[in-house]
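Subject: Structure handover

Hi,

Here is the structure I promised. Please look it over alongside my notes below.

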Protein chains: 2
Amino acid sequence: LERKKGVKVHVLHRAEKLLPQQKTAVIRDLNTGRIAEELYDKLVISTGAEPIVPPGINTSGSRVFTLRGLSSAQSLKRFIRESSPKEALIVGGGYIGLEMAGALAASGIHTTIVEFMPRVIPAMEEEISEMVSRELESHGIDIITGVGVEKVAESSGGKVEAILTNGNCLNTDIVLVAIGVKPRTQLAAEAGLELGVKGAIKVNRQQRTSLPDIWAGGDCAEAYHRLLQRNTYVPLALTANRQGRIIGESVAGRDSVFPGILGTAVSKVFDLTVARTGLGEKEAQSYGYKTNKVVATSRSHPAYYPGSQEIQTVLVLEQGSSRLLGVQMVGKEGVAQRIDVWATALTAGFSLSQIHDLDLAYAPPFSTVWGPVLLASRIAMKSE
Amino acid sequence: LERKKGVKVHVLHRAEKLLPQQKTAVIRDLNTGRIAEELYDKLVISTGAEPIVPPGINTSGSRVFTLRGLSSAQSLKRFIRESSPKEALIVGGGYIGLEMAGALAASGIHTTIVEFMPRVIPAMEEEISEMVSRELESHGIDIITGVGVEKVAESSGGKVEAILTNGNCLNTDIVLVAIGVKPRTQLAAEAGLELGVKGAIKVNRQQRTSLPDIWAGGDCAEAYHRLLQRNTYVPLALTANRQGRIIGESVAGRDSVFPGILGTAVSKVFDLTVARTGLGEKEAQSYGYKTNKVVATSRSHPAYYPGSQEIQTVLVLEQGSSRLLGVQMVGKEGVAQRIDVWATALTAGFSLSQIHDLDLAYAPPFSTVWGPVLLASRIAMKSE
């Protein structure tokens, strides 16, 4: 971390305040506590996101965890190694909660998930959630849905007590809070930058904020959605990385534009792969679309070749036009890259029949002759 | 196999002759030898393909095999079970030859592949062939390239002798001839139907032949190539299946049109997946394109997550325009469906930068943040 190519690097410094009028950042040396002012020509804000913690949950003790970055994962791992907890409660049944359920189960810890919404992985359609629930239960995970966590407090005996909104009380050894993240925007807001969707820093497609010479990107900023043609907030790694490149080019004077996201995501829940691209049905409806939903069951490859697995594909279509709005898939094999085929088709604006016409690869170890993508598009065409 | 919905089914009958003027097919009952004439309104020819056998190879004995349909695979399997051959020679190092090498090796048979071209799997680029060769050799397969087979003859001692074009002589227990297939067109040609590319039955995009009320599809017929915008001959399962549907619709009076192929194919060679879509470099050049080739090395997913494998991607681009003409990939994981992403992008006519802009799925078990498709497109953009 040296000064190379004219880049100053202040490690272990925290930006305390921004003064956009004076083009100045006030930074604190975390070792000495000393405050310094740094003049800038151009400023990039990439403060990331932080876990949302409900008011009744106190995370200051040693047995209640959140996840942000490598160090918090290391703390949790160290605690598990040293204190050998037997029981864990995960608050939140989204991607992170479910991936952590897999990790905790692998450490031999009996895990309960409490999800406020009526089903786990609420970012996915009901048909997908059902398969995910069955997978979790088959691995011994207890699931409580439609119930919130009112209060979490560590008791003196090395246990944690969680009081649920239905009045029930759970005693456990550790609690992991994973109900989602929010953009870290205090610095930006105090500097007078406009905030936008879900409180993320408002940006245009060059990742410029509402004030001159200040850019923002990653989990603290909005992301342009190419299907909705407006900004959304979907904090994911590729988006952050891509926005960083756009900012770099824009700061350097190029007219680069963030191409936009489709909300493409994939997650592993024990042996299941869960993936999505585009809009979910409720989400599409919230943006004014009238929707149809089509569910297609197929196999990852022919049943006569070993290892064949069922794949469920859910298509969200615009009523009338049959325009493809979103796709979700779940299965134990061949899901992660097939969602990329759908994302590519969605980007191309292909109709169902154009998707059905694609010349995709077939060989028995990898696909049926008419593979899951082609079959789902055919089933959707028949439902028109 | 009954007469249902007005469909007459003649099993164990062979079409001996077509009389298009009289709209008549002459068919022979293979049980009784009896000849009958069948009047038709509309005729579909789907006679398939058959293995090419070089003149010096006699396949009439018990130890020299070709592959066409399930029964020939069953014959070979039965022979292996009953006669326990120790050594096999495969003539031809294409998809089928290499897949059979895997199957024979799994039966404990030491296998030698003789390929006339300078390298195995000549339908793929050199960079891919090299990785395939190493994979074959690591599984104990002997490879002889740049040499043909002059003569194959069974000797009295239960062995087969193969004389190569370089004068060498190989003694082996069984020989499998897999140098490719040719369309079965005798019936069509004798009836006066025009033949086209590589001797396949000439068809338009409705799969109509040169004579009225006769359609042809599958491995006996040409296939329209959507990138070349002309007919080619690439006998593969999805093409045959899709042409069958188009024929069905066309015969029934619908104006269905075969959308065309991209030459997308995938094959398993031991633990490697080999896949392609679009044009190879030589192939593109043979159609008049000036080409650039870009090779990108990436990983199926991050190295820190278990099971990460190297993926090689070869892009064939048009010189000057950088238009994508074809993609080939090889690796042990995450190849089969990624070629489908490329096929979809190729169908959409996406530029490299449009491909680099795709919002594809990332999670450590499945992909790097910038996965193999995005990385290869970036490397190709930098080479512009």
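Ile163(A) stands opposite Cys169(A) in strand E12 of chain A. Four bridges join strand E11 (residues 160-164) of chain A to E12(A), and the two run antiparallel. Helices (H or I, at least four residues) and strands (E, at least two) are DSSP runs, numbered from the N terminus. Two strands pair if DSSP finds at least two bridges between them.

A word on conventions. This is a predicted model: local features need pLDDT of at least 70, side-chain atom pairs count only at pLDDT 80 or more, and totals for chains, interfaces and linings use all residues. Residues are numbered from 1 along each chain as its sequence is written, chains are lettered from A and ligands numbered from 1 in the order in which they are written, and side-chain values use heavy atoms, leaving out hydrogens and water.

Back to chain A. The open sheet there has three strands, ordered E10-E11-E12, with antiparallel pairing. Strand E10 (149-154) and strand E12 (169-172) of chain A are at the edges with a single partner strand each, so one side of each has no neighbour in the sheet. The twist averages 20° from one strand to the next. Angles run from 0 to 180 degrees between N-to-C directions; axes are lines fitted to C-alpha atoms, for helices over the stretch in contact.

Now chain B. Five strands make an open sheet in the order E18-E19-E22-E21-E20, again with antiparallel pairing. Its edge strands are E18 (265-269) and E20 (291-299) of chain B, each pairing on one side only. Here the twist averages 15° from one strand to the next.

Within that sheet, E19 (residues 272-278) and E22 (residues 324-331) of chain B pair in the antiparallel sense over six bridges. Thr277(B) has Val327(B) in E22(B) as its bridge partner. H7(B) packs on the sheet and touches E19, E21 (310-318) and E22 of chain B. Its direction makes about 175° with that of E22(B). Contact means heavy atoms within 4.5 Å. H9(B) lies across E20, E21 and E22 of chain B, at about 140° to E20(B).

The two helices also meet. H7 (residues 338-348) and H9 (residues 372-382) of chain B pack at about 55°, axes 10 Å apart. They are therefore oblique to each other (under 35 degrees is roughly parallel, over 145 roughly antiparallel, 65 to 115 roughly perpendicular, the rest oblique). Arg338(B), Val341(B) and Trp342(B) in H7(B) meet Pro372(B), Val373(B), Ala376(B) and Ser377(B) in H9(B).

Best wishes
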